[in-house]
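Please look at the sequence and the model together, and keep both at hand while reading. The paragraphs below go step by step from single contacts to the chain as a whole.

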Amino acid sequence: MDKQLIIDQLKAHKKLPYLDYRLKRNTETFTDTLFYTLFDINTHVETHLEKLEEQFDALVNLACWETAKPCHKIWENYVAELPIILKKLNLDAEAILSCDPASLSIQEVYMAYPGFYAIAIYRLANVLYNQGFPLVPRLMTEYAHRQTGVDINPGATIGESFFIDHATGVVIGETAVIKNHVKIYQGVTLGALFVNKSLQKTKRHPTIESNVTIYANATILGGETVIGENSIIGGNAWLTESIPANSTVFHTPVIKIKTK
């Protein structure tokens with residue numbers, strides 16, 4: 001075995017100059033610190049805001065590959081948004097508590113509901129995404145995805161009092177729009193009809209109007225698909241066209257009885 005030859009070949013194929021996995025690890029640490037700063041009673045807000053700024057500076061050094069972009073200016077704008085994000089997350093938690101008969105306390109929602117955690121990290125990532133900060137928001141939501149099974153692209157637009165019940169297997173695409181007081185269950189997909197790179201700048205994912213409930217494993221696809229307000233989408237339904245407000249959509253199973 002020519003060890004040096006193998007080393008040279010590995011180096012030759014190691015092509016991406018900015019693929020530094022410290023960015024991924026540091027983003028996860030930053031995400032944890034953010035979450036605790038917002039919610040944990042024993043986490044000192046003033047001290048941890050300073051800590052977060054240091055962690056964010058480290059992310060900027062790793063993630064700002066285009067030096068002309070003013071990444072360092074993002075932090076002040078981001079901190080100013082944190083009270084607004086926290087207010088929205090408190091509304092999300094209250095929606096879960098009021099909608100789920102299994103929830104015993106608001107503390108349980110914050111600490112034990114994977115859907116709430118996924119929503120929290122999405123909201124924290126979404127603000128950075130909208131400011132054009134590269135890659136970090138995607139790493140934040142992927143960190144939550146790995147822990148909860150909920151995959152929310154940070155580019156999605158989600159209104160107030162959002163509730164994901166049971167959480168696992170939910171997928172919400174980049175251009176999805178979800179309005180207020182929407183409740184979805186495990187396995188729901190809000191996806192695109194077509195997967196084509198040329199569609200990158202277009203709206204590919206559906207719009208869910210206010211007060212809609214989407215039950216487990218329903219799939220709703222397409223950028224022009226609108227689910228009208230106050231509608232109920234039953235489990236395992238497949239939708240690629242819009243439905244009007246106040247609709248009820250059910251998947252109809254086919255039952256065949258075996259005969260001798």
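Arg 123 and Asp 92 meet in a salt bridge, in which the closest N and O atoms are 2.7 Å apart. Arg 123 belongs to helix H6 (residues 114-130) while Asp 92 belongs to helix H4, so this pair ties together parts that are 31 residues apart in sequence. The model is a predicted one, and every distance and angle in this text should be read with that in mind.

Another of them joins Arg 204 to Glu 174, with the closest N and O atoms 2.8 Å apart. Here both partners are found in loops, Arg 204 in the one between strand E7 (189-191) and strand E8 (207-208), and Glu 174 in the one between strand E4 (171-172) and strand E5 (177-178), so the pair ties together parts that are 30 residues apart in sequence. Arg 204 counts as buried at 16% relative accessibility, whereas Glu 174, at 22%, counts as partly exposed. A further salt bridge brings together the side chains of Arg 22 and Asp 20, at 2.6 Å from N to O. In this pair Arg 22 is partly exposed at 44% relative accessibility, and Asp 20 is also partly exposed, with a relative accessible area of 27%.

From charged side chains we can turn to aromatic ones. How many aromatic pairs does the structure hold? There are 11 of them. In one, the rings of Trp 75 and Tyr 78 have their centres 6.0 Å apart and their planes at 45°, so the pair is described as tilted. Both residues lie in helix H4 (residues 74-99), where a spacing of 3 residues amounts to about one turn of the helix. Trp 75 is buried, with a relative accessible area of 6%, and Tyr 78 is buried too, with a value of 0%.

Strands of a sheet pair through backbone hydrogen bonds, and the pairing can be either parallel or antiparallel. Which order do the strands follow in the open sheet of 5 strands? The order is E1-E4-E7-E10-E13, and the pairing is parallel. Strand E1 (151-152) and strand E13 (238-239) stand at the edges, where each has a single partner strand, so one side of each is left without a neighbour in the sheet. The partner of E1 is E4, and these two strands pair in the parallel sense over 2 bridges. To see this on the model, one may find Asp 151, which stands opposite Val 171 in E4.

Asn 211 has a phi near 60°, which is a positive value in a residue other than glycine. This residue sits in the loop between E8 and strand E9 (213-214), and at 37% relative accessibility Asn 211 counts as partly exposed. Asn 236 has a positive phi as well, of about 65°, although it is not a glycine. Asn 236 lies in the loop between strand E12 (232-233) and E13, and it is partly exposed, with a relative accessible area of 46%.

The protein chain contains 7 helices and 14 strands, and its C-alpha atoms fill a box of roughly 70 × 55 × 40 Å, taken along the principal axes. Of its 260 residues, 43% count as buried.

Conventions. Residues numbered from 1 in each chain as written. Predicted model: local features only at pLDDT ≥ 70, side-chain atom pairs only at ≥ 80, totals over all residues. Heavy atoms only, no water. Phe/Tyr/Trp six-rings, centres within 6.5 Å; stacked < 30°, edge-to-face > 60°. Helix = DSSP H or I, 4+ residues; strand = E, 2+ residues; numbered from the N terminus. Buried < 20%, exposed > 50% of the residue type's maximum accessible area, 1.4 Å probe, protein only. Salt bridge = Lys/Arg side-chain N within 4 Å of Asp/Glu carboxyl O. Pairing = 2+ DSSP bridges.
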